[in-house]
Amino acid sequence: MIDLRSDTVTKPTEDMRRASYEAEVGDDVYGEDPTVLKLEEKAAEILGKEAALFVTSGTQGNQVAVLTHCQSGNEVILEAESHLFYYEGAAISAFAGVQPRTIIGKRGTMSVEDVEAAIRPDDVHMPETGLICLENTHNRAGGAVVGLDNMKAIADVANRHHIPTHLDGARLFNAAVALQVRVSDITKYVTTVQVCLSKGLGAPVGSILAGDKTFIEKARKWRKRLGGGLRQAGIIAAPGLIALTSMTERLVEDHKKASILAEGFANFSGLEVVNNVETNIVIVDVKKQNKTSQQFVEELKQQGILAVPFGPSLVRFTTHYDVTNEDIDKTISTIHKMVN
Ligand code: TLP
């Protein structure tokens, strides 16, 4: 099977497996796991924040962030197709008791005017705006990169209104590679950030939540409340450290594979690439096939290729280090036979 469903499907490298085996461990709830401490220190340094917290998943990192920033009854501004709104089971409402205020972005980017207009005035009828969330790269916008100018403008508005900002940076390193900047050049525009180690970077588990020291202390308590206080977690932090320090530069190869895939699809009359491919995600519309995305994905599976339905007629392909250039060529020729 050629698995293009997500960059979450990558298997840990040999180095990662060895690092797990050899990791020095301790009880992380007591703050005594040296490998976790090392990962958190390194992550904070790379992300340009005072402190970092190792969490079990991207979803947990985002939820801990919302819980730590907000009070129940607050409103949170976020993009209408952001992962936090679209794919986290309404957890911000269920756990933090906050109300989402969605803004329809353009390719994942919210206009600064829309963000500012959505901030609530001081009024007895209204909720208080507790947080503004961004996502970079933006998953449902097809791995679209949110530009630094937009992030800076939103940061300026947020600061003026004394509202914190949180970045869902599940694929932050993809954004940094595409923009050719350091990740800290992006994270300087947000109060806190969540970064996934288990997407294109290949770690088997885990994410990082980073921010200032006081925020991370509070976040540590929320992580514990959610059952995310782990014991000898160095076993899973060790591959995370490799993900963070030696798997980021190579993301450029994943982006190349995605653009080859998109170029291959571009000549097909039977389907249409709908996103401008900037990173590792390609979204196609299959409506000309008179099939639902579900049916298309099922047929593709019979041919040995896995992709995910991304809407009634949309299908997502995601590249990562476990797919080879031959896999990409095979995917193009197989789909060519299916649709033309
Ligand atoms: N995204 C997954 C699915 O949940 C859709 C995927 O295959 O792309 N933020 C963003 C932007 C994400 O894309 C994801 C995962 C998460 C957060 C959640 O991370 P995990 O799966 O570690 O909870």
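**Salt bridges and cysteines in the predicted model**

In this predicted model, the side chains of Glu116 and Arg160 come together in a salt bridge, with an N to O distance of 2.8 Å. The pair joins distant parts of the chain, since Glu116 belongs to helix α6 (residues 112–118) and Arg160 to helix α7 (residues 148–160), and the two positions are 44 residues apart. With a relative accessible area of 28%, Glu116 is partly exposed, whereas Arg160, at 53% relative accessibility, counts as exposed.

Across the whole structure, the search returns 18 salt bridges. Among them is the contact between the side chains of Arg231 and Asp27, for which the N to O distance is 3.3 Å. Because Arg231 is placed in the loop between α10 (213–225) and α11 (234–246), and Asp27 in the loop between α1 (14–22) and α2 (34–47), this pair ties together parts that are 204 residues apart in sequence. The accessibility of the two partners was also computed: Arg231 has a relative accessible area of 40% and is therefore partly exposed, while Asp27, at 14% relative accessibility, is classed as buried.

A further salt bridge is formed by Arg250 with Asp254, the closest N and O atoms of the two residues lying 2.5 Å apart. In this case both Arg250 and Asp254 are buried. Salt bridges also link Glu75, Arg101 and Arg120 into a network.

With a cut-off of 2.5 Å between cysteine sulfur atoms, the count of disulfides comes to zero. Cys133 is buried, its relative accessible area being 3%. Cys196 is likewise in no disulfide, the nearest cysteine sulfur being that of Cys133 at 14 Å, and Cys196 is buried with a relative accessible area of 3%.

Note on methods:
Residues are numbered from 1 along each chain as its sequence is written. This is a predicted model: local features need pLDDT of at least 70, side-chain atom pairs count only at pLDDT 80 or more; totals for chains, interfaces and linings use all residues. Side-chain values use heavy atoms; hydrogens and water are left out. A salt bridge is a side-chain nitrogen of Lys or Arg within 4 Å of a carboxyl oxygen of Asp or Glu. Helices (H or I, at least four residues) and strands (E, at least two) are DSSP runs, numbered from the N terminus. Buried means under 20% relative accessible area, exposed over 50%, partly exposed in between (1.4 Å probe, protein chains only).
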